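Q: I would like to learn how to read a protein–DNA model. Please take me through it feature by feature.

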2 protein chains.
Amino acid sequence: MSEQNLTKNQDLVLNQLGKSKTPMSAYDLLDKLREKGLKAPLQIYRALDKLTEMGLAHRLETLNAFVACAHPNCHENELIAFGICENCNKVWEFSDDEVSKRLDLWAKERDFTPVKTSLEIRGICAKCA
Amino acid sequence: MSEQNLTKNQDLVLNQLGKSKTPMSAYDLLDKLREKGLKAPLQIYRALDKLTEMGLAHRLETLNAFVACAHPNCHENELIAFGICENCNKVWEFSDDEVSKRLDLWAKERDFTPVKTSLEIRGICAKCA
DNA sequence: TCCATTAATGTAATAACATAACATTGTTGC
DNA sequence: GCAACAATGTTATGTTATTACATTAATGGA
């Protein structure tokens, strides 16, 4: 299932991410995609850069890893938050208007111009508890 | 100005962090502390582990860097958020009860048990705008 | 005090994550 | 066809973090 305007490498990376139930590091991706001809980390990182720019993938800062966007059709630019289970590594993607509003307020009060916000809750999910 | 129950290495690292106006990476710290006898990354990382556990320092996940806690006397365990200027690298530490409440609610609804939450707003501060 | 236990330290080696630099190829539009 | 730009390929290197193992220091009984 190939995506809209993606280049070959971007498509390979996004599809691999999509198949995974848990986040993958750039090197995880490289290992999986060697058989498709990818050879160097930079090929992965370049694809990931574009994919995250386009909102089709997200970087999890606390894991140095990446996931496919859970809502690949809505390229929303709102704040995206993640819950991450430290046991099974599953990720829940969500957003909360009230949280966004409070953070916007914090920024406005200080003339701070947000560029990118990262919000990650690490913990243990219901199944793993 | 030495702290309560800190070991020699912890004290060195925390004081160095305290002197810096911007976040420092573990290797930044190592460079500064070589003259005090520290020689290996692990000495820095071990000290940072303890300091962050104690709430005296914080790790900024989006920078792979560390800051001294802005409120070193209140060992609160609440959610701490950071604003980070991408131009001057200054960091603002804050918390917001409403945000904490909303995230707690998200977790409760899913029987998710939070362990550690990371919230970082990267952007441009008023002075740098 | 002696000894056992645990915490902290020191050191070398290596693993994991990410980018710089530069050459080449592919695509687009005039 | 060709200029301009985007994407790719490749090598090397830079940056961040941990493993493994040996040693020393601090603590708390018997």
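A: Begin with residue classes: Ala, Val, Leu, Ile, Met, Phe, Trp, Tyr, Cys and Pro count as nonpolar, Asp, Glu, Lys and Arg as charged, and the others, Gly among them, as polar. Next, a residue is near a molecule or strand if one of its heavy atoms lies within 4 Å of it. Here the residues of the surface near DNA strand C divide into five nonpolar, five polar and five charged.

Q: What kind of model is this, and how is it numbered?
A: This is a predicted model, where local features need pLDDT of at least 70, side-chain atom pairs count only at pLDDT 80 or more, and totals for chains, interfaces and linings use all residues. Residues are numbered from 1 along each chain as its sequence is written, chains are lettered from A and ligands numbered from 1 in the order in which they are written, and side-chain values use heavy atoms, with hydrogens and water left out.

Q: Which residues are closest to DNA strand C?
A: The closest are A:Y27, A:L42, A:R59, B:Q43 and B:R46, out of 15 residues that surround DNA strand C. Sugar and phosphate make up 48% of the atoms of DNA strand C that come within 4 Å of the protein.

Q: Which element gives the most to the surface near DNA strand C?
A: Elements first: helices (H or I, at least four residues) and strands (E, at least two) are DSSP runs, numbered from the N terminus. Near DNA strand C, α3(B) gives the most, with four residues. At least two residues each come from α3 of chain A and from α1 and α3 of chain B.

Q: How do I read the polar contacts to DNA strand C?
A: A polar contact is a pair of N or O atoms within 3.5 Å; within protein, one must be able to donate a hydrogen and the other to accept it, and residues adjacent in sequence count only if both atoms are side-chain atoms. A polar side-chain atom of A:Y27 lies 2.8 Å from a base nitrogen of DNA strand C.

Q: What surrounds DNA strand D?
A: There are 15 residues around DNA strand D, and the closest are A:T7, A:Q43, A:R46, B:Y27 and B:R59. The surface near DNA strand D holds five nonpolar, five polar and five charged residues. α3(A) gives the most to this surface, with four residues.

Q: Which side chains lie by phosphate oxygens of DNA strand D?
A: Among them is B:R59, with a side-chain N or O atom 2.4 Å from a phosphate oxygen. For A:Q43 the distance is 2.5 Å. For A:K8 it is 3.3 Å.

Q: How are chains A and B related?
A: Two copies of a chain are related by a rotation about an axis and a shift along it. Copies are superposed by least squares on the C-alpha atoms of residues with pLDDT of at least 70 in both. Here a rotation of 180° with 0.0 Å of shift along its axis superposes chain A on chain B, with RMSD 0.0 Å. That is the relation of a two-fold axis. In chain A, the C-alpha nearest the axis belongs to A:L119, 2.2 Å from it.
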